[in-house]
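Reader: Hi, can we go through this model together? I'd like to start with how some of its pieces pack.

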Amino acid sequence: MKKLSLSLFAMLLAVSTMFAQDAAGALRSANRAIDNFEVNGSTDTEKLQEAVTQLDVAMSDGAIASSYDFLMTKGKVYANILNAAVIKNSPLGATLGELPQVEAPGAQAAEAFMLAVSATDKKGKIKSAMRKLSDMQQNLSNGGLIALQNEDLATAMATLKAAGEVHNFLKEKGEESYYERIEDQEALARETYYGGLAALLMDDYEAAKPFYMKAQEMDYNDAGVYDGLFRIAQKEGNEEVAIAYLQEGREKFPDDNSLLFSEINYFLAKGELQVLLDRLKTAIDREPENEGLYTTLGSVYDKLYQDAFKEGDMELADQYFGEAKSYYEQTLDMNPKNATANYSLGALYYNKGANLSQELDALSEDLSREGTERYNEVTEIVNKEFEKALPYFVEAEKNDPNDTNILIALREMYARNGEYELSGEFKERYEKVVAGEEVESYFAQ
């Protein structure tokens with residue numbers, strides 16, 4: 001048994017030695033490949049891929065993977081991939097072949113060089129790693145922004161995060177940072193903000209938060225910082241903090257439209273209609289050609305009309321009705337084919353007819369001559385309001401035949417008018433759209 005155990009131990013030792021030799025050999029191969037890449041003018045991207053492949057083999061040995069030599073080699077390889085990615089987006093990009101498909105090369109290079117500093121106590125080696133970190137800072141900055149422009153959001157976030165980490169690392173070690181050399185005090189804050197923006201565009205609110213908090217701490221002068229903090233706090237369910245950020249941003253950037261629209265959406269969601277009137281009118285003053293603002297303001301007045309009617313304040317209801325009608329009509333003056341405005345104006349008239357028809361129920365019980373006359377009078381008014389609605393629903397259907405609200409409205413209108421064949425037509429169209437089909441316009445044919 002003892003001999004068997006010794007034999008097994010010897011076999012395992014041999015296998016372990018073989019893997020270590022393979023890993024060491026792979027690291028040497030990776031070094032040769034990256035040296036050849038740099039010597040040959042940094043255009044032979046096949047050497048880059050070879051270096052990446054050999055590094056993956058070398059990583060199989062934990063001791064080698066944590067060594068200074070491995071970390072420096074990995075840093076060099078991935079820093080060159082980052083540099084090549086930056087060149088790819090320049091007029092010189094055509095000189096390069098395909099780049100290795102690796103995740104956030106700039107972030108990986110930065111991490112490797114920083115780990116290399118901790119992996120040795122020799123001043124010369126530390127200085128070499130620090131120099132590599134300093135040399136790659138500009139590429140981290142450019143690479144992160146290029147990735148954001150190319151909508152590679154994960155790479156943008158990781159690369160811009162690494163840019164901030166390298167800056168802090170160099171400062172902690174008493175070294176000058178790239179951002180100090182270029183004497184651009186806002187550059188790091190700007191890239192911090194863009195890192196957060198990349199995260200927010202991915203709906204990664206948790207990752208975005210530290211970027212935005214840091215950008216605010218650095219007093220980055222952009223309204224987007226407060227818009228981002230507002231959205232993050234909303235996502236966290238912290239409404240009090242969210243509105244505080246929004247108010248702070250609006251005070252600091254009173255002319256910024258993004259914050260104004262965030263505020264409008266916030267009050268829309270809260271149903272605070274009176275507050276919305278002022279905000280929407282301000283927005284229209286700034287963007288007088290924005291059709292959506294007019295239809296939104298019309299819908300706010302439409303809701304106020306409905307509320308006033310229910311409360312029995314007919315004077316106020318008529319006032320709000322007129323305002324709603326006016327803003328929908330202003331939209332149609334700009335764009336007669338605006339389906340939302342056409343549908344909304346049709347619905348405004350339809351709902352007015354429906355509201356007025358409630359009086360008919362009470363009048364139907366009054367069989368006196370006066371009651372009958374009033375019943376006929378109200379019936380005529382109600383019918384006229386419904387008649388006004390139909391042309392707007394028809395025009396809306398011409399421009400958006402797959403909108404289910406429009407199809408329902410037409411189905412109900414034709415049923416009310418006793419045109420059951422047409423009502424059935426729009427019932428069928430509604431069912432098709434709900435089932436996922438698309439239909440051509442009935443009226444535009």
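Reader: How do helix α16 and helix α17 cross?
Author: This is a predicted model. In it, the axes of α16 (residues 291-310) and α17 (residues 314-334) come within 8 Å and cross at roughly 160°.

Reader: Are those two roughly parallel or roughly antiparallel?
Author: Roughly antiparallel. Angles over 145 degrees count that way, and therefore α16 and α17 get that label.

Reader: What hand does the crossing of α16 and α17 have?
Author: That crossing is left-handed.

Reader: Which residues meet there?
Author: From α16, the list includes Y294, L297, Y301, L304, Y305 and F309. From α17, it includes L316, Y320, F321, Y327, Y328 and M334. Polar and charged residues take part too. By class, the contact of α16 with α17 has 16 nonpolar, five polar and three charged residues.

Reader: Let's pick F321. Is F321 buried or exposed?
Author: F321 is in helix α17. Its relative accessibility is 8%. Buried means under 20%, so F321 counts as buried.

Reader: What does F321 touch, apart from its close neighbours in sequence?
Author: Leaving aside neighbours within four places, F321 is in contact with Y305, L348, Y349 and K352. Take Y305: F321 and Y305 are 16 residues apart in sequence. In space they are 5.5 Å apart, C-alpha to C-alpha.

Reader: New pair. How do α14 and α15 pack?
Author: Helix α14 covers residues 257-270, and helix α15 covers residues 273-286. They pack at an angle of about 150°, with their axes 10 Å apart. The two are therefore roughly antiparallel to each other. α14 passes α15 in a left-handed crossing.

Reader: And which residues make the contact between α14 and α15?
Author: On α14 these are N257, L260, F261, E263, I264, F267 and L268. On α15 they are V275, L276, R279, L280, T282, A283 and R286. They divide into nine nonpolar, two polar and three charged residues.

Reader: Which residues is E263 in contact with, leaving aside neighbours within four places?
Author: L246, R250 and R279. R279 belongs to the α15 side of the helix contact.

Reader: What about R286? How accessible is R286?
Author: R286 sits in helix α15. R286 is partly exposed, with a relative accessible area of 28%.

Reader: What is R286 in contact with beyond four places in sequence?
Author: R250, P254, D255, D256, N257 and L260. N257 and L260 are on the α14 side of the contact with α15. R286 and D255 are 31 residues apart in sequence. Their C-alpha atoms are 8.8 Å apart.

Reader: How do α7 and α10 pack?
Author: Helix α7 (residues 137-149) and helix α10 (residues 187-201) pack at an angle of about 35°. Their axes are 11 Å apart. The crossing is left-handed. S141, L145 and L148 in α7 meet E191, Y194, A198 and L201 in α10. That contact divides into five nonpolar, one polar and one charged residue.

Reader: Zooming out, how many helices and strands does the chain have?
Author: The secondary structure comes to 21 helices and zero strands.

Reader: How much of the chain counts as buried?
Author: Of the 445 residues, 43% count as buried.

Reader: And what is the accessible surface of the chain?
Author: About 23800 Å². Of that, 48% belongs to carbon and sulfur atoms.

Reader: Last one. What share of contacts comes from residues 24 or more positions apart?
Author: They account for 59% of the contacts with a separation of 6 or more.

Conventions: Residues are numbered from 1 along each chain as its sequence is written. This is a predicted model: local features need pLDDT of at least 70, side-chain atom pairs count only at pLDDT 80 or more; totals for chains, interfaces and linings use all residues. Side-chain values use heavy atoms; hydrogens and water are left out. Axes are lines fitted to C-alpha atoms, for helices over the stretch in contact, and angles run from 0 to 180 degrees between N-to-C directions. Helices (H or I, at least four residues) and strands (E, at least two) are DSSP runs, numbered from the N terminus. Angles under 35 degrees count as roughly parallel, over 145 as roughly antiparallel, 65 to 115 as roughly perpendicular and the rest as oblique. A crossing is left-handed if the near helix is turned anticlockwise from the far one by less than a right angle, and right-handed if clockwise. Contact means heavy atoms within 4.5 Å. Ala, Val, Leu, Ile, Met, Phe, Trp, Tyr, Cys and Pro count as nonpolar, Asp, Glu, Lys and Arg as charged, and the others, Gly among them, as polar. Buried means under 20% relative accessible area, exposed over 50%, partly exposed in between (1.4 Å probe, protein chains only). Accessible areas come from the Shrake-Rupley method with a 1.4 Å probe; for residues, only the protein chains shown count as cover.
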